[in-house]
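Work through the exercises below with the sequence and the structure side by side, and try each task before reading its solution.

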Amino acid sequence: MFGCLVKNLRHQLPQTRTCYVSMMAKRSDSETKVLDALQEQALKEQCILVNANDDAVGFASKANCHRVHSETKEVKLHRAFSVFLFNNSGDMLMQRRSEQKITFPDMYTNACCSHPLYDIEEERVVTDALGIRKAAQRRLNYELGIPFEQIRPEYFHYLTRIHYKHTGDGIWGEHEIDYILILQKDVDLNPNLNEISEIRYIKRNNIDEEIKRLQAPLTPWFELILNKRLKTWWDNLQNLIEFEEHNNIQRFL
């Protein structure tokens with residue numbers, strides 16, 4: 001068993017209704033994918049479009065925000081967040097995205113990666129990243145089943161923003177201003193089987209070995225952050241204020 005906790009949830013996944021949709025106009029039948037009904041519904045959520053300075057400039061569906069343009073290969077820039085969750089012993093939670101996920105399915109990543117939604121007014125608040133914190137609370141409850149009272153917005157440490165992009169499989173990709181949130185707390189977990197197939201806590205001194213042993217790839221954003229910043233933050237969980245960078249956006253393009 002890798003790390004101090006590994007829980008494989010795949011055998012518990014319920015059967016779900018599937019439907020067929022075309023990923024993009026004029027694509028061949030071979031590029032049509034079977035979508036899980038819940039995941040397809042999530043594609044209709046309205047994300048917040050931003051410019052390179054993270055100023056809101058509009059909104060678009062999650063599908064349109066992640067679809068790779070067939071000619072330019074561009075992906076719409078939008079606002080997102082990544083939560084790195086550590087227990088009180090300093091071990092980090094990782095999840096394996098379910099096979100039902102439309103973007104980057106069956107890949108290992110950090111505790112939670114998602115978006116504030118335009119349709120939820122409080123999640124559009126930019127002061128002190130309050131909207132992002134509230135969105136993180138919502139998604140951690142939805143994906144990992146963590147009770148709301150254990151993940152109050154003020155518990156998250158907003159560290160910095162990262163601008164990155166990745167064309168994924170050529171159909172679905174990423175282009176985000178990604179807010180980095182750190183949370184160190186023992187929490188109760190009850191994962192959503194439609195979102196997550198496995199969870200594990202890993203130790204700082206074992207991370208390189210455990211990553212090598214994983215039986216699926218890392219999401220591009222987690223791999224980027226792991227290679228560029230994560231180990232430094234992890235080594236300084238009790239002194240994160242020194243690594244805050246709220247006025248600048250770190251670019252990894």
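**Exercise 1.** In this predicted model, does Q137 count as buried or exposed?

*Solution.* Begin by locating the residue, which lies in helix α3. Next, take the cut-off, under which a residue is buried when its relative accessible area is under 20%. Q137 has a relative accessibility of 15%, and therefore counts as buried.

**Exercise 2.** Find what surrounds Q137, leaving aside its neighbours within four places in sequence.

*Solution.* First list the contacts, which are F148, I151, R152, P153 and F156. Then look at the polar atoms of the Q137 side chain: one lies 3.2 Å from the backbone oxygen of F148, and the backbone oxygen of I151 lies 3.4 Å from a polar atom of that side chain.

**Exercise 3.** Describe the largest cavity and its lining.

*Solution.* Start with the count, which comes to 3 cavities of 30 Å³ or more. The largest cavity has a volume of about 190 Å³, and 21 residues line it, with K62, R97, C113, S114 and H115 lying nearest its centre. Sorting the lining by class gives 5 nonpolar, 6 polar and 10 charged residues. Finally, turn to the elements: among those that supply at least two residues each are α1 (37-42), α2 (62-66) and α3 (130-144), while β11 gives the most, with 3 residues.

**Exercise 4.** Which residues line the second largest cavity?

*Solution.* This cavity holds about 50 Å³ of space, and its lining consists of Q39, A42, L43, K62, K101, I102 and T103. By class, these residues divide into 3 nonpolar, 2 polar and 2 charged.

Terms used:
Residues are numbered from 1 along each chain as its sequence is written. This is a predicted model: local features need pLDDT of at least 70, side-chain atom pairs count only at pLDDT 80 or more; totals for chains, interfaces and linings use all residues. Side-chain values use heavy atoms; hydrogens and water are left out. On a 1 Å grid over the protein atoms alone, a cavity is a set of points where a 1.4 Å probe fits but cannot get out, and a pocket is an open set with protein on both sides within 12 Å along at least five of seven lines; lining residues have an atom within 4 Å of a point. Grid points are joined across faces, edges and corners, and a volume is the space filled by probe spheres set on the points. Helices (H or I, at least four residues) and strands (E, at least two) are DSSP runs, numbered from the N terminus. Ala, Val, Leu, Ile, Met, Phe, Trp, Tyr, Cys and Pro count as nonpolar, Asp, Glu, Lys and Arg as charged, and the others, Gly among them, as polar. Buried means under 20% relative accessible area, exposed over 50%, partly exposed in between (1.4 Å probe, protein chains only). A polar contact is a pair of N or O atoms within 3.5 Å; within protein, one must be able to donate a hydrogen and the other to accept it, and residues adjacent in sequence count only if both atoms are side-chain atoms. Contact means heavy atoms within 4.5 Å.
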